[in-house]
Amino acid sequence: MKVPILDLAAEQAELGADIRKAVERVLASGHFILGPEGAALEREIATLCGVPHAVACNSGTDALHLALRAARIGPGDEVLTPAFTFIATAEAIAYVGARPVFADIDPATFNLTAATLERALTPKTRAVIVVHLFGQCADMPPIVELCRKRGLVLVEDCAQAIGADWAGTAAGAWGDFGGFSFYPTKNLGAYGDAGLVTTREAKHDAMLRMLRHHGSKVTYAHEVIGLNSRLDEIQAAILRVKLPHLARFTAARRAHAARYRELLAGAKLQLPFEHGRGTHIYHQFTVRLAARRDEARKALADAGIAAGIYYPVPLHKQPVFEKEYGRISLPASEAAAREVLSLPIYPQLADEQLRHVAATLRACL
Ligand SMILES: *Cc1c(COP(=O)(O)O)cnc(C)c1O
């Protein structure tokens with residue numbers, strides 16, 4: 001039995017007809033960039049997140065980049081961020097000429113906390129990018145308070161957290177900006193690259209719209225150096241077909257997580273910690289193995305199961321950052337990188353697949 005990391009064929013079987021209709025609607029319209037589909041998607045995601053503004057763009061990476069640009073973070077500034085995340089979080093900081101400063105994570109949730117941020121603060125700190133890793137929100141109230149007290153710009157990396165919340169407030173509604181990714185493997189995935197920035201401020205909304213479109217509000221009047229980072233109408237139309245199903249898909253992921261917990265109860269591994277203060281949307285179901293993690297992954301692969309390691313190398317140990325940061329010590333991030341293993345968790349998983357994963361994993365512990 002095969003258990004892939006996600007099953008886009010199963011999604012096609014379910015939504016393929018509607019998706020083809022949506023794509024044909026765009027083809028017939030002849031309007032491919034910055035049109036009615038993108039505008040409608042922006043309104044729908046803003047509503048989902050409970051924020052007044054959302055600006056669609058080309059990728060999650062661009063969403064973070066645009067947010068830092070709109071906040072005027074640049075050379076001489078430092079931005080606190082985790083090392084236990086995808087490279088894009090730190091790339092966005094480098095793109096604007098600022099310096100990433102890595103803070104350690106809470107080993108239970110894999111997220112930054114106000115305490116780990118506090119320890120990494122310097123006089124040059126201007127902003128924080130907090131990542132809601134694997135689909136669970138960081139403990140936001142103390143982080144918001146810290147940023148408010150210190151006058152720091154707060155950006156949320158919500159690439160893995162669409163629809164997650166802390167105490168009823170959505171990921172993307174806590175900070176000055178929220179950056180979302182619709183990369184195909186994300187919980188709301190396009191069929192190509194796509195992203196979006198949320199914000200509560202009209203002035204940020206206006207600047208983001210200008211920045212994503214070559215720094216112009218009016219055609220051929222360029223007020224700032226911008227990017228070409230517009231969402232195309234085909235991706236927007238596909239996302240709008242999938243968005244009404246997101247709550248159901250999230251519920252399926254949560255049900256699968258609960259089933260994994262039952263099936264893996266008492267096994268020699270650490271199950272994901274749920275803080276219970278809001279909805280964990282299980283972008284990943286990530287267990288920890290104190291030893292022999294790579295052997296377990298191989299045993300799963302041999303049984304047709306695609307388990308993933310997110311992330312095997314923390315950013316301060318990556319070749320691109322090692323020279324500058326290699327000697328800093330982030331014990332919780334380094335331990336996580338050694339021990340994590342993410343089990344397949346997509347909405348269309350069948351119970352026999354969940355049982356196969358759990359039985360195979362148990363057998364090799
Ligand atoms: C996927 C991801 C990104 C980047 O999104 P893209 O759309 O691939 O550019 C950024 N941060 C995190 C945590 C991600 O998982």
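Biologist: Which side chain meets that of Arg126 in a salt bridge?

Modeller: This is a predicted model, and in it Arg126 belongs to strand 4, while its partner sits in the loop between helix 3 (60-70) and strand 2 (78-82), 49 residues apart from it in the chain. The nitrogen-to-oxygen distance is 3.0 Å, and the partner is Asp77.

Biologist: How many salt bridges does the count come to?

Modeller: Side chains of opposite charge can pair when their charged atoms come close. The cut-off for a salt bridge here is a side-chain nitrogen of Lys or Arg within 4 Å of a carboxyl oxygen of Asp or Glu. By this rule, the count comes to 23.

Biologist: What is the N to O value for the salt bridge of Arg254 and Glu274?

Modeller: Arg254 is in helix 9 (residues 246-263), and Glu274 is in the loop between helix 9 and strand 12 (285-288), so that the pair links parts of the chain 20 residues apart. Arg254 is partly exposed, with a relative accessible area of 31%, and Glu274 also counts as partly exposed, at 27%. Their side chains meet in a salt bridge whose N to O value is 3.6 Å.

Biologist: Which residue pairs with Arg259, and where in the chain does it lie?

Modeller: The side chain of Arg259 meets that of an aspartate in a salt bridge of 2.7 Å, N to O. Arg259 counts as partly exposed, at 24% relative accessibility, and the aspartate is partly exposed as well, with a relative accessible area of 31%. Arg259 lies in helix 9 and the partner in helix 13 (residues 351-363), so the pair ties together parts that are 92 residues apart in sequence, and that partner is Asp351.

Biologist: Which domains does the domain assignment give, and how many residues does domain 2 bring to the contact?

Modeller: The assignment gives domain 1 (8-244) and domain 2 (246-363). Taken over C-alpha atoms, the centres of the two domains are separated by 24 Å. The contact takes 42 residues from domain 1, and the number from domain 2 is 35.

Biologist: How many disulfides does a search of the whole structure find, and how far from Cys57 is the nearest cysteine sulfur?

Modeller: A disulfide is a covalent bond between the sulfur atoms of two cysteines. The search of the whole structure finds zero disulfides. Cys57 is accordingly in no disulfide, and the sulfur of Cys158, which is the nearest cysteine sulfur, is at a distance of 12 Å.

Biologist: Is Cys57 buried or exposed?

Modeller: The cut-off for buried is under 20% relative accessible area. For comparison, Cys364 counts as partly exposed, at 23% relative accessibility. Cys57 has a relative accessibility of 0%, and therefore it counts as buried.

Biologist: What phi does Phe110 have, and what phi does Phe134 have?

Modeller: Most residues other than glycine have a negative phi, and most peptide bonds are trans. Phe110 is found in the loop between strand 3 (99-103) and helix 5 (114-120) and is buried, with a relative accessible area of 7%; Phe134 lies in the loop between strand 4 (125-131) and helix 6 (140-150) and is buried at 2%. Neither is a glycine, yet phi is positive in both, at about 70° for Phe110 and about 65° for Phe134.

Biologist: Which residues make the nonpolar surface patch?

Modeller: One of them, Phe32, is found in the loop between helix 1 (8-29) and helix 2 (36-49). Phe32 counts as partly exposed because its relative accessibility is 39%, and the cut-off for patch residues is over 30%. The patch covers about 340 Å² and is made by Leu27, Phe32, Ile33 and Leu34.

Terms used:
Residues numbered from 1 in each chain as written. Predicted model: local features only at pLDDT ≥ 70, side-chain atom pairs only at ≥ 80, totals over all residues. Heavy atoms only, no water. Patch = residues over 30% accessible without salt bridge, like charges linked within 9 Å, V, L, I, M, F, W, Y side chains within 5 Å. Areas by Shrake-Rupley, 256 points an atom, 1.4 Å probe, with all protein chains shown as cover. Helix = DSSP H or I, 4+ residues; strand = E, 2+ residues; numbered from the N terminus. Buried < 20%, exposed > 50% of the residue type's maximum accessible area, 1.4 Å probe, protein only. Disulfide = S-S within 2.5 Å. Domains from an automatic or database assignment. Contact = heavy atoms within 4.5 Å.
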